[in-house]
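Please look over the sequence and the model shown below before reading on. The report then takes up a helix, a strand pair, the interface between the chains and a set of salt bridges.

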Amino acid sequence: MTGKIVLDRSRCVGLGLCEAVSPEHFEVGDDGNLTLLREDVSADELDIIEEAVEACPTRALVLERHR
Amino acid sequence: MTTNTISPQDRVFSDVDISSNAFWAKPFDERESSFAELRHRGGVSWHPAVEVSFPHAEPGFWAITRAEHINQISLDHEAFITDPGVNVEPIPYALSKSLTFFLQMDKPEHTLLRSLVSAAFTPKQILKIQDQIFANAAEIVDGVIGAGEIDFVGRVAGVLPMRTVSDMVGVSPTEREAVAIAAERLIGRSDSATGNPADVLQGMIDARDFLHSVGSSLAAHRRSNPGDDLMTNLVEARIDGVGLTDDQIGSFMVLFAVAGNDTTKQTTSRTVYSLDRNRDQRQWLLEDFDGRIGVAIEEFVRHGSPVIGFARTATRDYELEGQTIRRGDKVVLFYCSGNRDEQRFADASRFILSRKPNRHFGFGGGGVHFCLGNGVAKTQLKALFGELLRKAPDIEVGEPEALVSRSINGVKRLPVRI
């Protein structure tokens with residue numbers, strides 16, 4: 001199984017708790033906006049991305065899982 | 001439905017007291033037994049306004065005490081707003097506004113003003129100040145090793161956040177202690193209450209005015225000497241072509257000083273005590289400090305539960321657990337209670353450093369008001385406990401003297417031998 005990260009920009013406030021979990025996927029820039037460095041999630045990254053999604057206090061992230 | 005005609009004044013107050021001075025003078029664990037009873041009864045209860053010695057017009061408030069409800073309300077920014085007030089107590093509106101900057105604002109204003117500050121709190125920016133925080137932590141701990149019996153709060157726990165806050169915003173070393181003291185006066189506002197209403201409010205106003213004057217002079221300095229820092233961002237910001245007023249910058253200064261000083265300070269004091277009284281947990285952390293400190297810090301913050309709670313106001317009628325919260329009603333989200341909710345945390349009163357998941361309320365209940373400084377706080381806790389556990393393994397910790405406060409679960413003094 002693989003996955004894809006979906007970001008809801010209307011909810012994101014750029015706190016960067018996701019970046020603290022996985023800096024390979026998430027980066028908050030100096031302008032405070034979050035960039036998804038990579039949307040695609042490999043099978044062995046699913047757990048860490050799930051953790052990043054859970055860490056988001058504004059619930060701006062969703063992990064879509066693909067079979 | 002007859003409930004449609006019930007005005008707030010006519011509602012029946014809960015028989016569980018969480019409003020009186022007597023209640024707030026109790027230790028945290030005794031207060032928790034009342035919150036546990038409220039959670040058990042559904043977690044949504046109507047109470048008289050928290051007792052204060054000055055006049056007010058607040059008819060009462062809803063206490064929200066269950067974890068799931070605190071998250072639900074925190075995330076619903078349409079139904080619950082902050083502008084009418086965020087304090088547990090009925091603090092006068094104008095005074096409260098002058099203390100809270102973007103905390104007591106809603107979108108779109110909140111989004112705009114918070115973004116001016118949040119650029120200083122991104123993970124990348126925190127990495128830039130990390131070395132300074134670690135150096136400060138080392139200096140503070142080195143300065144007390146071998147000092148014998150000291151007050152941990154005054155000599156250690158309060159010092160690191162005071163330096164971090166001052167460094168971030170440019171407060172000079174000669175003034176930083178006065179800034180921390182003013183912040184403490186604001187949160188301990190009822191601790192030294194004489195019963196004279198004028199004194200309580202005047203004490204808050206004096207502390208507010210001092211912090212506003214500090215903010216204004218830092219702003220004036222940065223207007224004429226711009227740098228690459230937070231205060232320069234604030235003075236150079238233009239919203240629809242208009243810059244921030246001195247009052248807004250003053251209110252930023254109060255928020256920054258209060259939120260930055262007393263939260264981390266209290267968590268540090270509570271944690272040094274908990275680590276001493278739970279040797280098995282301390283041992284577990286020491287076995288792999290670098291690998292375990294991240295998860296442990298979440299438990300430091302949950303268990304220490306530094307912020308008691310914040311208020312919201314309903315913008316419409318809202319049904320919750322069979323109760324009708326009316327439009328205009330004040331609700332208080334008791335983070336201290338959410339952090340002890342057994343529905344979310346097994347053995348909630350215990351200090352268990354490996355706890356995971358740990359969806360606590362130490363930084364709020366989620367949503368756009370989530371603690372901006374959480375990353376700075378975690379960096380400081382990591383730095384300080386790394387130093388302490390390594391350099392002072394034999395520290396002896398006495399009994400804390402609690403601060404009486406409706407906003408912070410504070411420790412006034414904590415004797416240690418180091």
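Which residues of helix 5 (residues 109-118) of chain B are buried?

## Basis of the report

This is a predicted model, in which local features need pLDDT of at least 70 and side-chain atom pairs count only at pLDDT 80 or more, while totals for chains, interfaces and linings use all residues. Residues are numbered from 1 along each chain as its sequence is written, chains are lettered from A and ligands numbered from 1 in the order in which they are written, and side-chain values use heavy atoms, with hydrogens and water left out.

In helix 5 of chain B, the buried residues are His110(B), Leu113(B), Arg114(B), Leu116(B), Val117(B) and Ser118(B), where buried means under 20% relative accessible area, exposed over 50% and partly exposed in between (1.4 Å probe, protein chains only). These buried residues pack against helix 11 (230-236) and helix 12 (246-277) of chain B; helices (H or I, at least four residues) and strands (E, at least two) are DSSP runs, numbered from the N terminus.

Strand 1 (residues 44-47) of chain B is covered on both faces, with Val44(B) and Trp46(B) buried on one side and Ser45(B) and His47(B) buried on the other. This strand pairs with strand 2 (residues 61-64) of chain B in the antiparallel sense, over four bridges, pairing being assigned if DSSP finds at least two bridges between two strands. Within the pair, Val44(B) stands opposite Ile64(B) of strand 2 of chain B.

## The interface of chains A and B

The area buried between chain A and chain B is about 1,300 Å², and carbon and sulfur atoms give 56% of it; buried area is the accessible area (1.4 Å probe) that two parts lose on being put together, summed over both. Of the area that chain A buries against chain B, 35% comes from Leu15(A), Pro57(A) and Arg59(A), more than from any other three residues. In terms of contact (heavy atoms within 4.5 Å), 14 residues of chain A meet 19 residues of chain B.

Three salt bridges are found across this interface, a salt bridge being a side-chain nitrogen of Lys or Arg within 4 Å of a carboxyl oxygen of Asp or Glu. The side chains of Glu19(A) and Lys124(B) meet in a salt bridge, at 2.7 Å from N to O. On the side of chain A that touches chain B, the elements that give two or more residues are helix 1 (17-21), strand 2 (26-28) and helix 2 (46-55) of chain A.

## Salt bridges within chain B

Over all chains, the structure holds 36 salt bridges. Asp83(B) forms one with Lys97(B), with the closest N and O atoms 2.5 Å apart. Asp83(B) lies in the loop between strand 3 (80-81) and helix 4 (93-100) of chain B and Lys97(B) in helix 4 of chain B, so the pair ties together parts that are 14 residues apart in sequence. Asp83(B) is partly exposed at 24% relative accessibility, and Lys97(B) is partly exposed at 23%.

Arg417(B) and Glu149(B) also meet through their side chains in a salt bridge (3.5 Å, N to O). Because Arg417(B) lies in strand 12 (residues 415-417) of chain B and Glu149(B) in strand 4 (residues 149-151) of chain B, the pair ties together parts that are 268 residues apart in sequence. Arg417(B) is partly exposed, with a relative accessible area of 40%, whereas Glu149(B) counts as exposed at 55%. Asp142(B), Glu387(B), Arg390(B) and Lys391(B) are linked in a network of salt bridges.
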